[in-house]
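Colleague: Before I use your labels, I would like to hear what stands behind them. Let us go through them one at a time.

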Amino acid sequence: MATGAVTGSTPQTDPCDSQVDGPPVAGIPATYLALYRKAAADYGIPWEILAAVGSIESDHGRSHAPGIHSGENHAGAGGPMQFLAGTWKTYGVDGNHDGRTNRYDPADAIPAAANYLRHNGAPPKMRAALFAYNHSNTYVDDVLNRAHKYKTTPTATTPPNASPPAECTEAAAITAPNTTIAKIIAFAMAQRGKPYVFGATGPDAWDCSSLVQAAYAAAGLTIPRTTFAQWPFGVRILNNQAQPGDLVFFNSGPATSTTTPGHVGLVIGHGQMIAARCSTCHPAIGVETYHRPDWIGTTRPLLRL
């Protein structure tokens, strides 16, 4: 049994992740690989070490063993990186900046694992840090062997003549006018592939207005919760002046009209927005154009904030 972790919900694969964060690696879901790489950059722990831990603990979130997605296993560990509750309380990380530290959410659990390993001496004392993670020399050897294979195995290749989805090209070309808008857009883009659930407020699912509200909250800004309240909140601007960070509104959904829009998206640039679209859309949260017939207005909340 581990002192800090032992052997969340698994996000849907986002086709843009491998394009934005580096080449794909065979056997690792793109969403998890992006989180391993980000945590590596933030905490200085090699991504392949984090991937090896994630592989052992939960098969990168794909395992359905007790404690992976909810509850705890026989040793009291939970989440894709298998944290004990006490250790999580000390080293848990709000990796996706949604105001919660959730050991079942890989966006929190993976940077928390990096945080815990660094606290215990990694990377210079990697064996000691991994032993603190799980008091087993066999476990330490397994992590190091898997990490070596991840680092030395050629990355998965893209089939000949294949090209990334158009939305990936647009997402990669985002240029935010300032750091505040960059934070807003970065949070929203990180939610791609998660489910749309009407009334949901995250972190595992969103509706259109809660996604926008949470994105602004990630930059320390408060806007209303619902589309109906967000519409009059921001300063109205001409549609042809929309820029990254603005909100675009649509006459879409029940009880909506040209004066009370029911759907909202966040402008990211190049005629594109990111939006929580619908429960049957694929992806439910993703990038699409806002140039559509039911687009009825644009606001700039930052002019009020």
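Colleague: Why is cysteine 208 called buried?
Modeller: Buried means under 20% relative accessible area, exposed over 50%, and partly exposed in between (1.4 Å probe, protein chains only). Cysteine 208 has 6% relative accessibility, so it counts as buried. This is a predicted model, where local features need pLDDT of at least 70, side-chain atom pairs count only at pLDDT 80 or more, and totals for chains, interfaces and linings use all residues. Side-chain values use heavy atoms, with hydrogens and water left out, and residues are numbered from 1 along each chain as its sequence is written.

Colleague: What makes cysteine 278 and cysteine 281 a disulfide?
Modeller: A disulfide is a pair of cysteine sulfur atoms within 2.5 Å. The S to S distance here is 2.0 Å, and cysteine 278 is joined to cysteine 281. The count by this rule is one disulfide.

Colleague: Why is the disulfide called right-handed?
Modeller: Because the torsion about the S-S bond of cysteine 278 and cysteine 281 is about 105 degrees.

Colleague: Are these two cysteines buried, exposed or partly exposed?
Modeller: Cysteine 278, at 23% relative accessibility, counts as partly exposed. Cysteine 281 is also partly exposed, at 21%.

Colleague: How do you know that the span of helix α2 agrees with its number of residues?
Modeller: Helices are DSSP runs (H or I, at least four residues), numbered from the N terminus. The expected span is 1.5 Å times one less than the number of residues. For the 14 residues of α2 (residues 30–43) that should be 20 Å, and the end C-alpha atoms are 20 Å apart, so the two agree.

Colleague: What makes α2 mostly covered?
Modeller: Ten of its 14 residues are buried, among them Tyr32, Leu33 and Arg37.

Conventions:
Helices (H or I, at least four residues) and strands (E, at least two) are DSSP runs, numbered from the N terminus.
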